[in-house]
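Biologist: Thanks for making time for this. Could you walk me through some of the helix packing and ring pairs here?

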Amino acid sequence: MSSKRLIINMVSNIVSFIVSMGISFFLTPYIINTVGKEAYGFVGLANNFVSYAGLITLALNSLAKRFITIKIHQNDFEGANKYFTSVTIANIITSVLMMIPAIIIVSNMNKIINVPFEILNDVQILWALVFLNFLIGLITSTYNVITFATNRLDLSAIRSIQSNILKVIILVALFSIFTPNVWYLGLAALICNLFIFRTNINYKRKLLPQLSIKLIYFDAKVIQELLLSGIWSVITKLGQILSDGLDLLITNIFINASAMGTLSVAKTLPSAISSLLVTTSGIFLPQLTIYYAKGEIDKLVEELKKSMKISGLFTIIIMSAMVVLGYSFYSLWVPGQDIILIQTLSVITILTVIVSGVVSTLFGVYTIVNKLKVNSYVILFQGILNAAIVFLLLKTTNLGIIAVAGVSSITATIRNLTFVPIYTSKCLGVSKKTFYPTIIRYIISSIITIIGDFIISYNIDKSTWFGLICSGIVCVVFASILNYFLFLNKKERKFIIKKLVTIIK
């Protein structure tokens with residue numbers, strides 16, 4: 001990846017992340033106050049149900065981006081068009097068929113989950129819109145390959161910023177003009193999804209006009225190939241759902257809707273960090289795929305190490321501040337809630353990032369090299385073990401949602417420390433120790449940064465937004481300076497200074 005393209009992609013995606021988090025920061029407490037914590041919890045649960053439905057389509061779509069990108073960079077546009085057309089047509093057929101179970105679930109919602117009677121109709125409309133958004137997104141998903149295959153993630157970031165601004169405008173208008181309802185969130189998401197599809201069409205025309213959807217390109221063998229390769233992605237996703245994708249559903253069924261709302265709020269900061277990880281690690285995936293397509297494994301490994309450092313650096317800075325300042329943040333953000341419980345759940349979930357923050361880019365290697373089988377089995381085993389332990393703890397202890405949030409953090413940390421770096425090395429044919437120096441350095445830096453943030457912010461009054469923001473700035477500056485010397489080596493420090501000088505000039 002050229003340095004210029006790296007910087008452009010990095011800056012644009014981080015700006016997109018900040019805009020998204022800023023919008024969530026202002027909208028979430030307002031929505032909770034207007035529609036209630038219980039109703040807000042069903043937004044996250046609806047998205048979880050969509051992820052369950054996504055299992056049906058994952059086998060076909062998980063590797064489509066990978067195969068299309070490789071064909072393009074091998075100058076085989078006829079092959080790329082076969083994948084592009086075949087997947088799109090198959091998704092259209094699947095979406096039509098999936099409308100039936102979606103209608104059944106929405107119609108019988110109160111028989112499936114616990115929904116307070118007074119908000120049942122609103123939640124049903126919300127879920128109907130969320131499911132419709134999912135089906136439309138499935139039909140249009142192949143167009144997401146355009147910015148990926150051309151390594152123009154800056155364009156997708158700009159589109160994301162525009163989409164988030166559009167979302168704010170829609171929600172502010174709806175909540176201001178009409179009686180507040182939770183289903184406005186589903187409507188806004190649907191409109192934004194259609195906007196994204198429209199911009200993707202424009203990107204295709206400008207960046208990859210060679211791609212087209214024509215019946216002549218439809219090939220059943222392509223579908224078969226994708227399904228056989230993608231079945232392992234389904235198993236992987238199933239394991240992930242069993243690990244942490246059932247947390248809100250389990251809380252709703254085995255505890256109550258109020259506890260589900262609390263957990264949904266508590267996952268705000270951890271979700272923000274997860275979004276940051278996806279943002280920073282995803283920047284490198286197009287170039288990693290291109291290196292693999294060209295057989296340049298040494299460059300791929302070098303790029304992986306660079307991505308681990310960059311993703312890790314951003315994660316350390318943000319994660320440490322969230323751990324230290326989380327209680328004050330939630331106290332100001334959602335006053336009146338059980339702040340101690342919310343912060344406890346938040347920290348339990350965030351601590352998983354002490355490992356995943358640096359290995360997140362490695363997850364993409366299995367897809368790039370199309371070796372998903374072993375990883376799928378490991379994640380499935382983790383998911384089954386996680387679900388079994390959670391159910392056992394719910395029946396035999398009073399831990400409640402602490403068990404729901406905590407078990408997945410522990411099992412994920414163990415997997416990320418052992419299996420992920422070792423199996424990634426095996427897939428690339430390098431030493432099993434290749435990625436451990438970076439991981440160990442990252443963990444040590446994270447612990448030292450959290451302690452340092454706590455010490456320097458201890459005497460700062462954080463009972464007001466001004467004080468909290470000042471504390472946050474102090475923590476971020478401290479963590480940035482500390483990890484510039486502690487986490488990065490001499491070569492990496494020179495690289496960053498050089499790039500900063502380039503940007504300034």
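Modeller: Let us begin with a term: a residue is buried when its relative accessible area is under 20%, exposed when it is over 50%, and partly exposed in between. Please keep in mind that this is a predicted model.

Biologist: With that in hand, is Tyr-184 buried or exposed?

Modeller: The relative accessibility of Tyr-184 is 3%. Since the cut-off is under 20%, Tyr-184 counts as buried.

Biologist: And what kind of ring pair do Trp-183 and Tyr-184 form?

Modeller: Trp-183 is partly exposed, at 21% relative accessible area. The ring centres of Trp-183 and Tyr-184 lie 4.7 Å apart, with the planes at 80°. Planes over 60 degrees apart count as edge-to-face, so the pair of Trp-183 and Tyr-184 is edge-to-face.

Biologist: How many aromatic pairs are there by this rule?

Modeller: Rings pair if their centres lie within 6.5 Å. Some of these pairs link up, and Phe-329, Tyr-330, Trp-333 and Trp-465 make a cluster in this way. By this rule the count of aromatic pairs is 16.

Biologist: How far apart are the ring centres of Trp-127 and Phe-131?

Modeller: Trp-127 and Phe-131 are 4 residues apart in helix H6 (residues 120-140), which means about one helical turn separates them. Trp-127 is buried at 1% relative accessibility, and Phe-131 is buried at 8%. Their planes stand at 80°, so the pair is edge-to-face, and the distance between the ring centres is 6.0 Å.

Biologist: Good, now to the helices. How are H19 and H20 oriented to each other?

Modeller: Two packed helices are described by the angle between their axes and the distance between the axes. For H19 (residues 373-396) and H20 (residues 401-428), the axes come within 9 Å and cross at roughly 155°. Angles over 145 degrees count as roughly antiparallel, so H19 and H20 are roughly antiparallel.

Biologist: How many residues of the contact of H19 with H20 are nonpolar?

Modeller: The contact involves residues of both helices, including Val-374, Ile-389 and Leu-393 of H19 and Val-407, Arg-415 and Phe-419 of H20. Of the residues in this contact of H19 with H20, 1 is charged, 5 are polar and the nonpolar ones number 13.

Biologist: Asn-416 also lies in H20. Which residues does Asn-416 contact, leaving aside neighbours within four places in sequence?

Modeller: Asn-416 is buried, with 2% relative accessibility. Ser-356, in helix H17 (residues 353-359), is buried as well, at 10%, and touches Leu-277 and Asn-416. With those sequence neighbours set aside, the contacts of Asn-416 are Val-355, Ser-356, Val-359, Phe-363 and Pro-421.

Biologist: How far apart are the C-alpha atoms of Ile-422 and Lys-433?

Modeller: Ile-422 is found in helix H20 and is partly exposed at 34% relative accessibility. Not counting residues up to four places away in sequence, Ile-422 touches Lys-432 and Tyr-436. Ile-422 and Lys-433 are 11 residues apart along the chain, and their C-alpha atoms are separated by 7.3 Å.

Biologist: One more, then: which residues of H3 are buried?

Modeller: Helix H3 (residues 64-73) has 7 of its 10 residues buried, so H3 is largely enclosed by the rest of the structure. Just after H3, Asn-75 takes a positive phi of about 60°. The buried residues of H3 are Ala-64, Arg-66, Phe-67, Ile-68, Thr-69, Ile-70 and Ile-72.

Technical notes: Residues are numbered from 1 along each chain as its sequence is written. This is a predicted model: local features need pLDDT of at least 70, side-chain atom pairs count only at pLDDT 80 or more; totals for chains, interfaces and linings use all residues. Side-chain values use heavy atoms; hydrogens and water are left out. Axes are lines fitted to C-alpha atoms, for helices over the stretch in contact, and angles run from 0 to 180 degrees between N-to-C directions. Helices (H or I, at least four residues) and strands (E, at least two) are DSSP runs, numbered from the N terminus. Angles under 35 degrees count as roughly parallel, over 145 as roughly antiparallel, 65 to 115 as roughly perpendicular and the rest as oblique. Contact means heavy atoms within 4.5 Å. Ala, Val, Leu, Ile, Met, Phe, Trp, Tyr, Cys and Pro count as nonpolar, Asp, Glu, Lys and Arg as charged, and the others, Gly among them, as polar. Rings of Phe, Tyr and Trp (its six-membered ring) pair if their centres lie within 6.5 Å; planes under 30 degrees apart count as stacked, over 60 as edge-to-face and the rest as tilted. Buried means under 20% relative accessible area, exposed over 50%, partly exposed in between (1.4 Å probe, protein chains only).
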